[in-house]
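Please have a look at the structure first.

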Amino acid sequence: MIVGFGVVGASGNDEVAHPPSATVAPFVPASTLVAPTTAAPTSTTAPIPPLSTNLFQGVQGEDVQAAQERLIELGFDPGPADGVFGLMTTQAVWAFEKLVLGTPRTEADGVIDQAAWEVLMGDVGIEPRRPTDGQADHTEVYLEEQVMVLFEKDEPILITHISSGELDDEGNPAEYCEEATYDTDAQGRELEEPVTKAVCALAKTPGGVFEYEREVSGTRVSPLGAMWNPVYFNYGIAVHGALNVPLEPASHGCVRMPMHISEYFQDIMDIGDRILVWNGVDEPEDVSERDSLPSFDYADPSATTTTTTTLPPETTTTVAPATTTTRPATTTTTTTTTTTTVAPTTAAPAPAGAAQPAG
């Protein structure tokens, strides 16, 4: 059942941003993604002017515009360089803090102070963890940092803050149980009428090496929520735009990105490009095939059949005896078992179009 929704811009940055410039600062040689150099300026380098005040959401002025222009130059996307520090700029600064400054995800605050300003305006180099000798385009997703980088022949053309699968208190994929509405069967065939099921799954964003497989333009309403311009790379897991992209992992398993970036993301990537996902423990190439699978839906064991059973409309004003209006328990149990149970995570991969986590 497809439902449309509007795209709402962030306060202070309510225009759709254009893709960031592919022009980047000279790279710092390294074998992995590295922090920028922070050496003092040479005699030929103009000194970096000090900030008059810290920059954060709500601040306006020339320093904000200069910071936005520099972020765009490096491949981040703070929205229009309009001198207004809005939500889009905050999200770009989050990515800068986590990726370049090495700030732990839980400590990022979206503030540019004097120290961060000097690094931002200094000599910054961002390289892929898996360089291709300038031969191919690819995407790298760092779940520990909650950052994604799109590389064009090893040059970063897009660096963005993301939000992936929600974690529990122990740092493992959180379990969720919700009522989900399906408009296709396990083979992807359209149903005559949507079916609502109570299902559970783990909010798992697996590590591994994948490829972009397919994309959908506009709104795609999955059983567990709406996605904007999704690009799928691991069964039902996609990179997609979302209105809510918080600092913490919060999705059902997909990789959320800010809405203004999803507006053009499909234009700067290609189906078939590799996407490597670091899970914070193993290198992408070392993740087993089993561990690289998403969590497939399974029936909610605490759900009752009374919420999904629809009785025919009454034809008289006389209330029928309970024995004639209640379906036999055995029939209800059999129907529920055959229509709501799907393969759990320990099973083999489900066929294309099967119910899977998203959003």
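At what angle do helix α1 and helix α3 pack, and how far apart are their axes? Helix α1 (residues 62-74) packs against helix α3 (residues 114-121) at about 45°, and their axes are 10 Å apart.

## About the model

This is a predicted model, in which local features need pLDDT of at least 70 and side-chain atom pairs pLDDT 80 or more, while totals for chains, interfaces and linings use all residues. Residues are numbered from 1 along each chain, and side-chain values use heavy atoms, without hydrogens and water.

## The helix pair

The crossing of α1 past α3 is left-handed (the near helix is turned anticlockwise from the far one by less than a right angle).

On the α1 side, D63, A66, A67, R70, L71 and L74 make the contact, and they meet W117, L120 and M121 of α3 (contact means heavy atoms within 4.5 Å). These residues divide into 7 nonpolar, no polar and 2 charged.

The structure holds 2 cavities of 30 Å³ or more (sets of points on a 1 Å grid where a 1.4 Å probe fits but cannot get out). About 50 Å³ lies in the largest cavity.

Its lining (residues with an atom within 4 Å of a point) includes D77, M88, Q91, H161 and H260. Helix α2 gives the largest share, 4 residues. By type, the lining divides into 6 nonpolar, 4 polar and 1 charged.

Terms used
Axes fitted to C-alpha atoms, helices over the stretch in contact; angles between N-to-C directions. Helix = DSSP H or I, 4+ residues; strand = E, 2+ residues; numbered from the N terminus. Nonpolar A, V, L, I, M, F, W, Y, C, P; charged D, E, K, R; others polar. 1 Å grid on protein atoms, 1.4 Å probe; cavity = no way out; pocket = protein on both sides within 12 Å on 5 of 7 lines; lining within 4 Å. Points joined across faces, edges and corners; volume = space filled by probe spheres on them.
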